[in-house]
Amino acid sequence: MKKRALLLAFSFLLLFVFTGGYQVWATMAKENYDWYCTQCHGLKGTGDGPNSRPSKYDIKQPDMSVTPRNHRSAEDMNKLSDEDMRLAIKDGGKAVSKSALMPPFGKTLTDKEIEDLVKYLRKLCNCKGK
Amino acid sequence: MSSEGARKLIVFCIALGVSIGITATTGFAGPKEGKAIFEKQNCGKCHQTQGPAKEKTFEDQMKKKGPELWYAGDKFRKEWLEEWLANPTIIRHLKYNSITEKSKGGHPSLSNAQAKDVAAYLLTLKSGAVKEGVVKEKSSPRAKLNFKKKYGCIGCHTIKKGKKKKIGGVTGPDLSEAGKRLKGDWVYMYLKKPKLFKPIKRMPVFAGIINDAEMKALAGFVASQGRKKK
């Protein structure tokens, strides 16, 4: 009887550690995303942040010449592999033959943080990529 | 005392007398007076005047109500500072620290005389990390291209296109008049030592990505924006 209770307690602990660990990476990735990426990719990731569409924020200025990727679009995001994303975030759009308006974050974020952002983007698009 | 020494002393006394006279007639009292005004007007409620930067997390930055001024003497041009403190305009398109709300302006303003004193005070605040005379404050086609096309600075900063139109992103401070406002040597150090002035910001770190020569040229380009060509 006592053994069973112990086992139960232990499995709860395990569950707690796992979900806790999961949430920590997800929370941190979201924090980084909200801080750095939403200014262009939009608060929801749909490509319409203030830099992309100033007029949406009542600022009279032309839209960004290249629209930041819609991170919610499974269709667009499926064209990218995880490695494509990693490169784009780390070294900027130019590293993947895209626009330099996507800036390099390799000296701002750690490799681990970038890895977590890639996972987070896969959550946003709800897609696996190629 | 030699006659040369005596002459120097006389010249010095005259200069001193003249400057005191000027001060008395224009009401310009200088840094000490400026500091008193700064304190009395509670400017420190929103502006940090003592370095170094202490922010470590996004939260630390979010707690700030205005840009730090502890390196104002490295950053700003005197004429601009005197003019702006009396007639403040919008520099950051969005409300400080926000990426959703447009700035409404309305910064507290000072009288012309007060502005001169406060400017004199702010210009005494320095980081000790900025060497002067390093950057040539001029535009070049190459630096402009780097700003727009190679490093995508324009994604977050506005500059002028032609006489009136502005282009670029809005989450970074407006740089279309940066040549009147910022010192090139500071801009260079801001890019080179990003953690020193502003450890937590939405701008990515470019140190280690842009080489030194290009960085100086970019700083020169920024510090020439909105200035009349000679």
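In the predicted model, B:Lys198 forms a salt bridge with B:Glu68, with the closest N and O atoms 3.1 Å apart. One salt bridge is found across the interface of domain 1 and domain 2 of chain B. Eleven residue pairs, both members at pLDDT 80 or more, are in polar contact across this interface. On the domain 1 side, helix H3 (58-62) and helix H4 (72-75) of chain B are the elements that give two or more residues. That side comprises eleven nonpolar, five polar and seven charged residues.

The domain assignment places domain 1 of chain B at 28-122 and domain 2 at 141-222. Their C-alpha centres lie 21 Å apart. Contacts involve 23 residues of domain 1 and 19 residues of domain 2. The two domains bury about 2000 Å² between them, 59% of it on carbon and sulfur atoms. B:Lys75, B:Arg77 and B:His93 supply 29% of the area buried by domain 1 against domain 2, more than any other three residues.

The interface between the chains was examined likewise. Here, 25 residues of chain A are in contact with 31 residues of chain B. The buried area is about 2400 Å², with 65% on carbon and sulfur atoms. A:Trp35, A:Gln61 and A:Lys107 supply 29% of the area that chain A buries against chain B, more than any other three residues. One salt bridge is counted between the chains. B:Lys102 forms a salt bridge with A:Asp58, the closest N and O atoms being 3.7 Å apart. Nine residue pairs, both at pLDDT 80 or more, are in polar contact across the interface of chain A and chain B. The chain A side has 14 nonpolar, six polar and five charged residues.

Notes
Residues numbered from 1 in each chain as written. Chains lettered and ligands numbered in written order. Predicted model: local features only at pLDDT ≥ 70, side-chain atom pairs only at ≥ 80, totals over all residues. Heavy atoms only, no water. Contact = heavy atoms within 4.5 Å. Buried area = accessible area lost by both parts, 1.4 Å probe. Salt bridge = Lys/Arg side-chain N within 4 Å of Asp/Glu carboxyl O. Polar contact = N/O pair within 3.5 Å; in protein donor to acceptor, adjacent residues only side chain to side chain. Nonpolar A, V, L, I, M, F, W, Y, C, P; charged D, E, K, R; others polar. Domains from an automatic or database assignment. Helix = DSSP H or I, 4+ residues; strand = E, 2+ residues; numbered from the N terminus.
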